[in-house]
Amino acid sequence: MRRRTRRSVAVLLLALAVGCADSGAPAGDDRAQASASAAASPAPPSPAGGSASPAVAPPGGSATAVPSAAVAQRQPGDRIELFHGARVVVPAGWKYDDGNDGGTACLDAVTLEACAVRLIDPEAIRRDGGEIAEPDGESDYGWYLGTDVPPCYELAPERYERTEADLPLVSSRILERGFRPVGSKTALFRRYALTCEGKQLGTARLWLLPTSRLAVVALDTFGTTPAAEVDRVVALLDVEGYTA
C-alpha cells in the first residue's frame, strides 16, 4: 500500500473503522446503543466498570482477558501524539502520521506503507469532502468504512497485484463480538476473518465508541505490528479530550 493510497483508503478503504461510550461503562444513549447491539446478536456482557479486564470468548473457545487501561502500562520510549484531542500512546520505534490533522491517523511498528492500525474520525473525513460509511457493529464489513468492498491488493499487496480488471475482493465475516476498554471508556469490539478467493488473509479488529463515533481498526494481514502491542495502545488511548 502506498502512502497516498493510505490517505484515500481513509476516505475509501477506510475510511475503515470503529469505538464506544463517552463514559467508563456504557451509559445514557451509549448504554442504549450497546444494549441494542447486544440484543441484535449474541455478545458477551459489557464490563461493569472498575479496573478488571473484560474476558472475551471467541466462538467455541475459552474466555481470554484483554488489558484494561488500569492494567496496561506505559513503557520506556513511549511517546504521546494527539489525534483530535485524543492522546495516543505510540510505542518506541513505531511510525505515526495523522495526515496533517486529517480524518485518519496511521500507526505501524515497521512502515506506514502497511498502516496496520488506524484511528478514524468519520466527521472529519466528511468535513474534508470524503465519503465514508457509518460504522456498523452488526455488519460483516463493519471494520471497513468505505462505500464499496475492499480489493485484496490493499490488504495483501505482496500476494495480489493491482490491475484494472477483475480485481479480487476481500470476503469478511464476524468471528467475535464483545466489548473492550479504550482508555476510561468501553468500546464495542468486533473481530473479523478476512479471506480472498477462498484463501485466509488474516483478521481485522474494530473498536467503536458509539457516541463520539471514534473508531480504531487494526489489520494483521501485513504482519508488521504485534497484536499484543496493538491491544496495549488501544487500552491506553485517552479519549477524554477527543472532539470530532
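**Close-up views of a predicted protein chain**

**Figure 1. His 84 counts as buried, at 12% relative accessibility.** Buried denotes under 20% relative accessible area, exposed over 50%, and partly exposed in between, with a 1.4 Å probe and protein chains only. The structure is a predicted model, in which local features need pLDDT of at least 70, side-chain atom pairs count only at pLDDT 80 or more, and totals for chains, interfaces and linings use all residues. Residues are numbered from 1 along each chain as its sequence is written, and side-chain values use heavy atoms, with hydrogens and water left out. His 84 is placed in the loop between β4 (79–83) and β5 (86–90). Helices (H or I, at least four residues) and strands (E, at least two) are DSSP runs, numbered from the N terminus.

**Figure 2. The side chain of His 84 takes part in polar interactions with Gly 102 and Asp 121.** A polar atom of the His 84 side chain lies 2.7 Å from the backbone oxygen of Gly 102. The side chains of His 84 and Asp 121 are joined by a polar contact of 3.5 Å. A polar contact is a pair of N or O atoms within 3.5 Å; within protein, one must be able to donate a hydrogen and the other to accept it, and residues adjacent in sequence count only if both atoms are side-chain atoms. Apart from neighbours within four places in sequence, His 84 is in contact (heavy atoms within 4.5 Å) with Asp 101, Gly 102, Gly 103, Asp 121, Ala 124, Arg 127, Gly 241, Tyr 242 and Thr 243.

**Figure 3. His 84 and Arg 213 each have a positive phi.** Most residues other than glycine have a negative phi. For His 84, which is not a glycine, phi is about 50°. For Arg 213, also a residue other than glycine, phi is near 70°. Arg 213 belongs to the loop between β11 (199–210) and β12 (215–219).

**Figure 4. Cys 152 and Cys 196 form a disulfide.** A disulfide is here a pair of cysteine sulfur atoms within 2.5 Å; the sulfur atoms of Cys 152 and Cys 196 are 1.4 Å apart. The torsion about their S-S bond is about 90°, so the disulfide is right-handed. Cys 152 lies in helix α4 (residues 152–155) and Cys 196 in strand β10 (residues 185–196), so the pair ties together parts that are 44 residues apart in sequence. Both Cys 152 and Cys 196 are buried.

**Figure 5. Cys 106 and Cys 115 form a disulfide.** Their sulfur atoms are 2.2 Å apart, and both Cys 106 and Cys 115 are buried. The count for the model comes to 2 disulfides. With bonded cysteines counted along the chain, the disulfides follow the pattern 1-2, 3-4.

**Figure 6. Glu 123 is found in helix α3 (residues 122–127).** With 38% relative accessibility, Glu 123 counts as partly exposed. Glu 123 and Leu 214 are 91 residues apart in sequence, and their C-alpha atoms are 9.1 Å apart in space.

**Figure 7. The mean pLDDT of the protein chain is 77, and 71% of its residues reach 70 or more.** Residues 1–64 have pLDDT below 50, and this stretch has 188 contacts in the model beyond near neighbours in sequence. pLDDT is the predictor's confidence in each residue, from 0 to 100. The protein chain contains 5 helices and 12 strands, and 53% of its 244 residues count as buried.
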